[in-house]
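Reader: I'd like a close look at a single part of this one, please. Take your time and connect it to what surrounds it.

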Amino acid sequence: MKLILWPEQIGFYMKVPHFEQRLRSLHYKKRFQVTLSEIQPRITSVMEASREVSRSRRLRRLLEIVLALGNYMNRGARGNASGFRLASLNRLADTKSSFAKGTTLLHYLVQILEKKFRDICRLDEDLPHVRLSAKFPLGSSAKTWLSCGQALKMWQGKSSFIEAKAL
């Protein structure tokens, strides 16, 4: 058995057509399953949370109450709004009462819900995956998923190029 020295190995591999592309393809193929197994639970959890949010009657009712409260507060000034941006929900904690010191519109909303809409207070029962999904940084998962897709397209393009050259 002859021991092949490192320079001889490099020379051997340099003779292989499209060695670098093939090596990159093998690396991508190995790494793809690892990456997919890392982000698959995140994607599944986010998808399930999205379904729960869209199907939740309690959440829909809560948003209707927030809209009605906003329309009541703005009566005459802006007319009756048919909707609002989700980002404006942050203002509930910022809108302070002029009557009760330390009370915000969010506190008032919770008081109303606890007195008249007890069922909505159990909203978390409708959305078990939302809390778990909120822990995942969506930006990094999306970025990873997009980079996998781009690498897959590149790999497919190079593999078809190599196959065409081989024929």
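Which helices do the buried residues of H5 pack against?

Author: Quick ground rules before the tour. This is a predicted model, where local features need pLDDT of at least 70 and side-chain atom pairs count only at pLDDT 80 or more, while totals for chains, interfaces and linings use all residues. Residues are numbered from 1 along each chain as its sequence is written, and side-chain values use heavy atoms, with hydrogens and water left out.

Now the setting. The protein chain has eight helices and zero strands, with helices being DSSP runs of H or I of at least four residues, strands runs of E of at least two, both numbered from the N terminus. Of its 167 residues, 19% count as buried; here buried means under 20% relative accessible area, exposed over 50%, and partly exposed in between, with a 1.4 Å probe and protein chains only. Among contacts (heavy atoms within 4.5 Å) with a separation of 6 or more, 68% are between residues 24 or more positions apart.

On to your question: the buried residues of H5 pack against helix H3 (57–73) and helix H4 (91–94). H5 itself covers residues 105–116, and its 12 residues should span 16 Å at 1.5 Å a residue, which agrees with the 16 Å between its end C-alpha atoms. That expected span is 1.5 Å times one less than the number of residues. The buried residues in H5 are Leu105, Leu109, Ile112 and Leu113. They sit on the same side of H5, because they cover an arc of only 100 degrees around the axis, going by the directions from the helix axis to the C-beta atoms.

Let's look across to H3. With 17 residues, H3 reaches 24 Å from first C-alpha to last, close to the 24 Å expected. Its buried residues are Arg58, Leu59, Leu62, Ile65, Val66, Leu67, Leu69 and Asn71, and they pack against helix H2 (19–55), H4, H5 and helix H6 (123–126).

Leaving aside residues up to four places away in sequence, leucine 69 touches Leu105, Tyr108 and Leu109. Leucine 69 and leucine 105 are 36 residues apart along the chain, yet their C-alpha atoms are separated by 9.4 Å. Arginine 60, also found in H3, is partly exposed, with a relative accessible area of 44%. From arginine 60 to isoleucine 120 it's 9.6 Å, C-alpha to C-alpha, and 60 residues in sequence.

One last stop is the second largest pocket, which holds about 330 Å³ of space. Of the 14 residues lining that pocket, the closest to its centre are Met73, Ser97, Phe99, Leu105 and Tyr108. H3 and H5 are the elements that give two or more residues to this lining, and H3 gives the most, with three.

A pocket, for the record, is an open set of points on a 1 Å grid over the protein atoms alone, where a 1.4 Å probe fits, with protein on both sides within 12 Å along at least five of seven lines; lining residues have an atom within 4 Å of a point. Grid points are joined across faces, edges and corners, and the volume is the space filled by probe spheres set on the points.
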